Amino acid sequence: MEHIQLNHLIKIIKQLFPLNDKEISLLNDGISFFSAEKEKNLIKPLHVADRLFFLEKGTVRSFYQKDYKDINTEFFFENNFFTAFTSFLTQEKTNLHFQCIEQCDLISIPRELLDKLLREDTKWNILLNNILAKEYIKKCRRESSFLLLDANERYHYFLKQFPDADNRIPLFHIASYLGMSPETLSRIRSKKINQIDLSQVNNI
């Protein structure tokens, strides 16, 4: 099983740049494979994010907690890399939680392994830059959706980004992410939908 998971990760990386035998060996020796049950916490507040995760199977959410209320900030699905990026880059403690919404299969990549690979070859910056660029674009578009779209449009833009989300993420988590109450989201979902032009968000 771990051999299949390693090959999957290598295939993803090779879409960006070639790997030599030494790099594959370093990955094989340095990464770890694990499964996490639903509601398992992967990153907790007041800790430094010292590893990058690759999500092979399942769904993960990131969120803040304020006054005993969860405020969802992002969702991650299969073939996504994720971590608390600000903490990962600055090595300061994060205020974010990362939690499995479903049973997940993951690969953990320690920061020191990435640093070692970077010392071997700066091409590994391509991987990090690719991950960070995707996250930056996601965050910019989410911000724009709050500024440019009404609640109904935000929900349908969300579904355009994450087509399977309605079947895999509880309604109250989606509502939190979209900045509305579960009751408001239920009303939106029950309405017949006309064609909505969402291109203004993607064209920021």
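This is a predicted model: local features need pLDDT of at least 70, side-chain atom pairs count only at pLDDT 80 or more; totals for chains, interfaces and linings use all residues.
How do the residues lining the second largest pocket divide into nonpolar, polar and charged? They split into 7 nonpolar, 4 polar and 3 charged.

**Second largest pocket**
- About 330 Å³ of space lies in this pocket.
- Its lining has 14 residues, and Asn79, Asn80, Phe81, Asn130 and Lys134 are the ones nearest the centre.
- Helix 5 provides the largest share of that lining, with 7 residues, while strand 6 (80-82) also supplies at least two.

**Largest pocket**
- The volume of the largest pocket is about 380 Å³.
- Of the 21 residues that line the largest pocket, Tyr64, Phe85, Thr86, Leu96 and Lys139 lie nearest its centre.
- At least two lining residues come from each of strand 4 (60-66), strand 5 (69-76), helix 3 (85-90) and helix 5 (124-148).
- By class, the lining of the largest pocket holds 8 nonpolar, 8 polar and 5 charged residues.

**Cavities**
- You will find 2 cavities of 30 Å³ or more in the structure.
- The largest cavity has a volume of about 60 Å³, and its lining includes Arg142, Phe146, Arg154 and Tyr177.
- Helix 5, helix 6 (151-161) and helix 8 (171-178) each give two or more residues to the lining of the largest cavity, with helix 6 giving the most, 4 residues.
- The second largest cavity holds about 40 Å³ of space, and Leu52, Phe85, Phe88, Leu89, Leu128, Ile131 and Leu132 line it.
- Helix 3 and helix 5 each give two or more residues to the lining of the second largest cavity, which has 7 nonpolar residues, no polar and no charged.

Note on methods
Residues are numbered from 1 along each chain as its sequence is written. Side-chain values use heavy atoms; hydrogens and water are left out. On a 1 Å grid over the protein atoms alone, a cavity is a set of points where a 1.4 Å probe fits but cannot get out, and a pocket is an open set with protein on both sides within 12 Å along at least five of seven lines; lining residues have an atom within 4 Å of a point. Grid points are joined across faces, edges and corners, and a volume is the space filled by probe spheres set on the points. Ala, Val, Leu, Ile, Met, Phe, Trp, Tyr, Cys and Pro count as nonpolar, Asp, Glu, Lys and Arg as charged, and the others, Gly among them, as polar.
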